[in-house]
Amino acid sequence: MTIANTPSATAAATAGDTESAQVAALTAGRSSRLPGWFLILWRNRKCRLGLLLLAAFVLVAVFAPAIAPFAPRADSFAQSEAPSGAHWLGTTARGEDVFSQLVYGARTSLIVGLVAGTLSTLIATAVGLTAGYLQGVVDEVLSFFINLGLVVPVLPLMITLAAYAPVKGLGLIIIVITVTGWAFGARVKRAQIVTLRTRDYVTAAKFAGDSTARIIVYEIAPNMISLIVVDFMGSALGAIGAEAGLAFLGLGDPATTSWGTMLNQASLGGAMTTGQWAWLIAPGLVLALLVTSFSLINFGVDALSNPHLRED
């Protein structure tokens, strides 16, 4: 018996093909080894661009010895040379290769951003969660230090600590940035945990006999991951900018090659008056690109906590 090729049969076949395609897509998504949070970040176009930019900076920092043609402190070249085939961005007033310093400077900015951002986030998370959950006397004491950190002028404090510290170095810069950068994040987390501490799952954990530390770490903190990640991104951005600012003011480690140090040396070396625009513009440009990469990644982080912001 032959079945006629009717419109209804064709529609049924098309519907079957569409359903099969959907099932195949779901199966492929489930079988993907990539974690779900990464897929959400990658599908966001702005976040994807930020991730690619950040990955490029990380690769440059890791493979700096292979990328840079010279050592960053090698000063055996002619002074204040214009860009050429031998020195792509010219040389400094001391006879150092600008491009090599630019490549090695990525290491300093990423190290400061990662370490200082992590330390600031850890301190802010510990203080904010403890103050918001325990309340009472503990909350009053910790809130006093949080408010003290918020009202103290950060920039003068950073300059004072960096200028008069008996020991200089990158470690000092990281400590100064950490000490002055945790209060705002702690205040935000304290306000968030005040709303979470009365949730049903927290009450159930209390009745189950869980300790305070376990409730904070395993019940409350996982529901604040997006907030913690956003705080880390902001802290890392602030740390990168603070290091560049301190180095530009001459308060950084003179033995460390960073983009802020390059800007300081370009200013002192008269790069603007001698027409060495590459020496002056390049550090500021890459610093702006690095900051932009973190800002773009924040769009994807927001999509993690808000499904309405996710892109297909």
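## Crossing of α3 and α5

In this predicted model, helices α3 and α5 cross with left-handed geometry. Helix α3 spans residues 45-62 and helix α5 spans residues 98-134; their axes lie 8 Å apart at an angle of about 110°. The two helices are therefore roughly perpendicular to each other, as angles of 65 to 115 degrees are placed in that class.

On the α3 side, the contact involves Leu 54, Phe 57, Val 58, Val 60, Ala 61 and Val 62. These residues meet Val 103, Ala 106, Arg 107 and Leu 110 of α5. By class, the α3–α5 contact comprises nine nonpolar residues, one charged residue and no polar residues.

## Packing of α5 against α9

Helix α5 also packs with helix α9 (residues 183-196), at an angle of about 35° and with an axis separation of 7 Å. The crossing of α5 and α9 is right-handed.

From α5, the residues in this contact are Ala 124, Thr 125, Val 127, Gly 128, Leu 129, Ala 131, Gly 132 and Tyr 133. Helix α9 contributes Gly 185, Ala 186, Lys 189, Arg 190, Ile 193 and Val 194. The contact of α5 with α9 contains eight nonpolar, four polar and two charged residues.

## Confidence of the model

The protein chain has a mean pLDDT of 83, with 87% of its residues at 70 or more. Residues 1-5 have pLDDT below 50, and this stretch makes two contacts in the model beyond near neighbours in sequence.

Across residues 7-16, pLDDT likewise remains under 50. For residues 7-16 the model has two contacts beyond four places in sequence.

Technical notes
Residues are numbered from 1 along each chain as its sequence is written. This is a predicted model: local features need pLDDT of at least 70, side-chain atom pairs count only at pLDDT 80 or more; totals for chains, interfaces and linings use all residues. Side-chain values use heavy atoms; hydrogens and water are left out. Axes are lines fitted to C-alpha atoms, for helices over the stretch in contact, and angles run from 0 to 180 degrees between N-to-C directions. Helices (H or I, at least four residues) and strands (E, at least two) are DSSP runs, numbered from the N terminus. Angles under 35 degrees count as roughly parallel, over 145 as roughly antiparallel, 65 to 115 as roughly perpendicular and the rest as oblique. A crossing is left-handed if the near helix is turned anticlockwise from the far one by less than a right angle, and right-handed if clockwise. Contact means heavy atoms within 4.5 Å. Ala, Val, Leu, Ile, Met, Phe, Trp, Tyr, Cys and Pro count as nonpolar, Asp, Glu, Lys and Arg as charged, and the others, Gly among them, as polar. pLDDT is the predictor's confidence in each residue, from 0 to 100.
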